[in-house]
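Keep the sequence and the 3D view open as you read.

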Amino acid sequence: MASGCVTIVTIFIFCSMLHASEATIVGGNSLHVGFYDTTCPQVEKIVADVVDNAISEDRGLAAALIRVFFHDCFVNGCDASILLDSTPSGEPVEKESPANGKTIRGLEIIDEIKDQIEEQCPETVSCADILAFATRDAVVHSGLSNYPVPAGRRDGLSSRSADVLGNIFGPKSSIDEITESFIRKGLTVEEMVVLTGAHSIGKSHCKFFQERLYNHSSTNTKDPNLDDAHANYLSRKCPARGSLLAEFLGNLVDLDHVTPIILDNAFYINLLHRRSLLQSDQAMAFHPRTSEIVQRMAVDQREWSKKFTMAMNQLGRVDVLTGEQGEIRKNCRAVN
């Protein structure tokens, strides 16, 4: 779920699960499945219908929604602050950060969902919950089983571009940097590895991994942790910078060249064969904190898919607003 991805991104011993929940106990444990059963019972069907129609027309939107959700939750919690176009403070908002910017897609889907829900249930369903439901439906549309999503989030009142850097890591971030970022959010190392499996769908710009092909270090032109045959394949997709061919090809490559539109554990198999696109992903296969987890996920699709949906719900509890905190926006792009 590195910020270099155009559209992606993103479980443990019992004690680790307890610690993760305790870290987000303010608000996080107030969420529950069926939150809108009496106030807006049709909400999840509305969300699912809009998401299914959108992804049927553009399969890349599944990865886009997952990435938006991750980038929202990792910056001041799952409060839909990434959706805001502006705030009363006048400061640049999260979506204007270089870590988001032009690579954020799918926001118009949330707009459409919100418009339909407001017609049926005015000022009832938060944009933060809409984003959580929509992300679940993107996951299901990409091949995983349906799973219940706890709701009850409230929408944030602020959004600052300055808060993004330092919370969203890049394609060359170290494993220690990434894992510490997850731990600060109350998530575990295993959840980090499991959620990064979201990189089995989506695409990346060549510029985010091109150094692995042509300028890795002073002693190696190519990253030695990149399979030779795969490097040749990527070089054809991403010619050296400045070439006419590079401009012609458009510089977009599937994160998972085997099953590019299906969420599955092929991502981890690619890691073990040194066929990952991003340096930060590939490093998980060799780092002592993550290598054993990668190997387990590579051999058991069922285990990974189950843990992925669990981890998505854990992610959705990070620093949420509940009760009287925040607000229920009428328009997801603006505070009330």
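The model is predicted. It holds 23 salt bridges.

**Salt bridges across the chain**
- Arg-333 forms a salt bridge with Asp-111, and their closest N and O atoms are 2.7 Å apart.
- This pair links distant parts of the chain: Asp-111 sits in helix H5, Arg-333 in the segment after H15, 222 residues apart.
- Arg-333 is partly exposed, at 24% relative accessible area.
- Asp-254 pairs with Lys-203 in a salt bridge, with the closest N and O atoms 2.7 Å apart.
- Here strand S3 (Asp-254) is linked to strand S2 (Lys-203), 51 residues apart.

**A buried pair**
- Arg-212 and Asp-223 form a salt bridge, with 2.9 Å between the closest N and O atoms.
- Arg-212 lies in helix H9 and Asp-223 in the loop between H9 and H10, so the pair ties together parts eleven residues apart in sequence.
- Arg-212 is buried, at 3% relative accessible area.
- Asp-223 is buried too, at 4%.

**Charge groups**
- Glu-190, Glu-292, Arg-296, Glu-303 and Lys-307 are linked in a network of salt bridges.
- Glu-108, Glu-112, Asp-115 and Glu-119 gather in a surface patch of negative charge.
- Glu-108 belongs to helix H5 and is partly exposed, at 46%.

**Positive phi angles**
- Most residues other than glycine have a negative phi.
- Asn-76, in the loop between H4 and H5, has a positive phi near 65°.
- Asp-319, in the segment after helix H15, has a positive phi of about 50°.

How values were computed
Residues numbered from 1 in each chain as written. Predicted model: local features only at pLDDT ≥ 70, side-chain atom pairs only at ≥ 80, totals over all residues. Heavy atoms only, no water. Patch = residues over 30% accessible without salt bridge, like charges linked within 9 Å, V, L, I, M, F, W, Y side chains within 5 Å. Areas by Shrake-Rupley, 256 points an atom, 1.4 Å probe, with all protein chains shown as cover. Salt bridge = Lys/Arg side-chain N within 4 Å of Asp/Glu carboxyl O. Lys, Arg positive; Asp, Glu negative; His and termini not counted. Charge placed at Lys NZ, Arg CZ, Asp CG, Glu CD. Helix = DSSP H or I, 4+ residues; strand = E, 2+ residues; numbered from the N terminus. Buried < 20%, exposed > 50% of the residue type's maximum accessible area, 1.4 Å probe, protein only.
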